[in-house]
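Reader: Please take a close look at a single part for me. Keep it brisk.

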Amino acid sequence: MKKLKILIFCGSSLLLSLVVAILLYPHAQLSQKTLAFSQTPQAMEDIPDIDLGKNFGPVSVTDLVGYYIDNPPQPVAVGAGVRHEEQFGGC
């Protein structure tokens with residue numbers, strides 16, 4: 001009897017999850033226009049400025065790419081491990 005209750009519960013949970021996924025899928029689906037636009041390359045001058053928060057404000061994509069080219073990320077040495085910065089005060 002206990003195994004039957006477990007199987008009914010698991011089956012009904014899976015069925016309910018499937019029904020919810022089927023009902024919500026159309027709302028999560030991209031339109032054909034949006035999908036075609038996302039697959040078309042855009043010039044970086046046409047992309048609007050990106051707001052980097054109160055410390056930097058809006059920055060153009062051209063400036064961000066230039067900064068990345070001038071200051072590429074440094075490769076992590078093998079065996080160096082990730083350097084952990086300790087934070088004081090708060091979580």
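What relative accessibility does V20 have, and how does V20 count on that basis?

Author: V20 counts as partly exposed, at 39% relative accessibility. The scale runs from buried (under 20% relative accessible area) through partly exposed to exposed (over 50%), with a 1.4 Å probe and protein chains only.

This is a predicted model, where local features need pLDDT of at least 70, side-chain atom pairs need 80 or more, and totals for chains, interfaces and linings use all residues. Residues are numbered from 1 along each chain as its sequence is written, and side-chain values use heavy atoms, without hydrogens or water.

V20 sits in helix α1. Helices are DSSP runs (H or I, at least four residues), strands likewise (E, at least two), numbered from the N terminus. Helix α1 spans residues 2-28 and has the highest confidence, a mean of 95. That score is pLDDT, the predictor's confidence in each residue, from 0 to 100. Helix α2, residues 32-38, has the lowest, at 91. For the protein, the mean is 87, and 90% of residues reach 70 or more.

V20 also belongs to a nonpolar surface patch. Its members are L15, L16, L18, V19, V20, I22, L23 and L24. A salt bridge is a Lys or Arg side-chain nitrogen within 4 Å of an Asp or Glu carboxyl oxygen. Areas use the Shrake-Rupley method with a 1.4 Å probe; for residues, only the protein chains shown count as cover.

Now the wider setting. Of the 91 residues, 3% count as buried. The protein exposes about 9,100 Å². Carbon and sulfur atoms supply 65% of that. The elements run α-α-β-β-α from the N terminus.

Notes. Patch = residues over 30% accessible without salt bridge, like charges linked within 9 Å, V, L, I, M, F, W, Y side chains within 5 Å.
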